[in-house]
Amino acid sequence: MLDPLFRRMTGSKPIHIIGGGLAGSEAAWQVAEAGHGVVLHEMRPVRGTDAHHSQDLAELVCSNSFRSDDANGNAVGLLHQEMRSLGSLILRAGDAHQVPAGGALAVDRDGFAAAVTAALEAHPNVTIAREEIDGLPPAHWDQVIVATGPLTSPALAEAIAGLTGAESLAFFDAIAPIVHRDSIDMGKAWFQSRYDKAGPGGTGADYLNCPMDREQYDTFIQALIAGEKTSFKEWEASTPYFDGCLPIEVMAERGPETLRHGPMKPVGLTNPHDPTVKACAIVQLRQDNALGTLFNMVGFQTKLKHAEQIRVFRTIPGLENAEFARLGGLHRNTYLDSPRLLDATLRLKAEPRLRFAGQITGCEGYVESAAIGLMAGRYAVAERESRTLAPLPQTTALGALIAHITGGHLAAEEEAGKPRSFQPMNVNFGLFTPLERMPRNETGKRLRGPEKAALKKRALTDRARADLAAWMSGEAPRAAAE
């Protein structure tokens, strides 16, 4: 094994990282730059995947875009900035290999992956081991970061499932859209649980309800069926649908009344805006995070293309101006029930020597995966040095993302038949601690519409920068915006 070599070089055991994607590469860089030995285990080319085409680390497999680079008005752009300030290898390589993409950070795939690979191969504290880890890591590896992504090898996934319980890993991910609460028209929607029933921790008014009359419903069903849909990738095609997570358009194809007797049934609900009129169908949204800023469209997992989702779902009364924190999907994925299984530093509670990073923790997107890798590496370094790393404030993009993964969601309801509440998520402003007061313009006037949204985002990003700077300097961050 490589451990004796590293003990001679660094005086301590190396930190082992399994998986050479964006999260694993970023974690390795953070550990190595802190002066500690790291062994990065990557199974390619010994074992390939259906998605990868090269042997390079940090290969981009489905897009070359890191999305918006606007650090003042976009949560992922803010995340870029925070990662740059913390010495991210992924952002350094992305900036060096940027290609024109307007306000987005898009990169040359080959140049980007080659740069990350070269940087890690050249680092004196890094050894890259081209091998598959086909089970739980050896017991003498005292610190391990598992960053194996959505295509975790079956043998390793089976070993993790054996350690955590088979129900703790999702292998086919049904995602419903999530809407920002403040973009829902409460002149049309209302809070009420069906039959006013208060479930565990509920009040009897736990769902947002959007009513449809017969004409609106029929038009909606036709749009669902006719809407352009994404196709399965080759390796997903053999995975069957589960009846509990059928795409909503598949249900609609089974008959025009199917949804009225399923997730859109109108029974047990009364519209306070028009109490004498019975709705033909009702779309329900359920609170999705502990802050109450995000609401999940119940039963609306879908394979509609993203542009089609926005077009069709904005025909629902109350959602005409909906802003989506996440759009729906259905695809092959492997991720943990992280809020139940991981501690605040991403360690597995059942076996703390194992720390997880990247998409397997339940984040979505290249940047988010790399960001979790960055923090996993820093947590591992702090543990190796027997010191405690202060929690990131949830006012920052990094802190908000980690808080969601490790517990910022709603606890799963215990009632039979209720779906799991934790699902993969991109970074978005709905995960941030809300502002104490909404910003006003220079005259002190309250704003509405696009001007209000822009000023709010600027206030959130200004607060985030200040709080991250305070965290980095070891000062106590402010709890909320002034």
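Which residues in α4 meet which residues in α5?

## Contact between α4 and α5

In this predicted model, the α4 side of the contact consists of Leu89, Ile90, Arg92, Ala93 and Gly94, which meet Phe112, Ala115, Val116, Ala119 and Leu120 in α5. By residue class, the contact of α4 with α5 comprises 8 nonpolar, 1 polar and 1 charged.

## Helix geometry

Two packed helices are described by the angle between their axes and the distance between the axes. For helix α4 (residues 89-96) and helix α5 (residues 109-122), the packing angle is about 135° and the axes are 9 Å apart. Angles over 145 degrees would count as roughly antiparallel and those from 65 to 115 as roughly perpendicular; α4 and α5 are therefore oblique to each other. The crossing in which α4 passes α5 is right-handed.

## Aromatic pairs

The model contains 7 aromatic pairs. In the pair of phenylalanine 66 and tyrosine 366, the ring centres are 6.1 Å apart and the planes stand at 65°. An angle over 60 degrees counts as edge-to-face, so this pair is edge-to-face.

Phenylalanine 66 belongs to strand β3 (residues 65-68), whereas tyrosine 366 belongs to helix α11 (residues 366-384). The pair thus links distant parts of the chain, 300 residues apart. Both phenylalanine 66 and tyrosine 366 are buried.

Definitions and conventions
Residues numbered from 1 in each chain as written. Predicted model: local features only at pLDDT ≥ 70, side-chain atom pairs only at ≥ 80, totals over all residues. Heavy atoms only, no water. Axes fitted to C-alpha atoms, helices over the stretch in contact; angles between N-to-C directions. Helix = DSSP H or I, 4+ residues; strand = E, 2+ residues; numbered from the N terminus. Parallel < 35°, antiparallel > 145°, perpendicular 65-115°, else oblique. Left-handed = near helix turned anticlockwise from the far one by under 90°. Contact = heavy atoms within 4.5 Å. Nonpolar A, V, L, I, M, F, W, Y, C, P; charged D, E, K, R; others polar. Phe/Tyr/Trp six-rings, centres within 6.5 Å; stacked < 30°, edge-to-face > 60°. Buried < 20%, exposed > 50% of the residue type's maximum accessible area, 1.4 Å probe, protein only.
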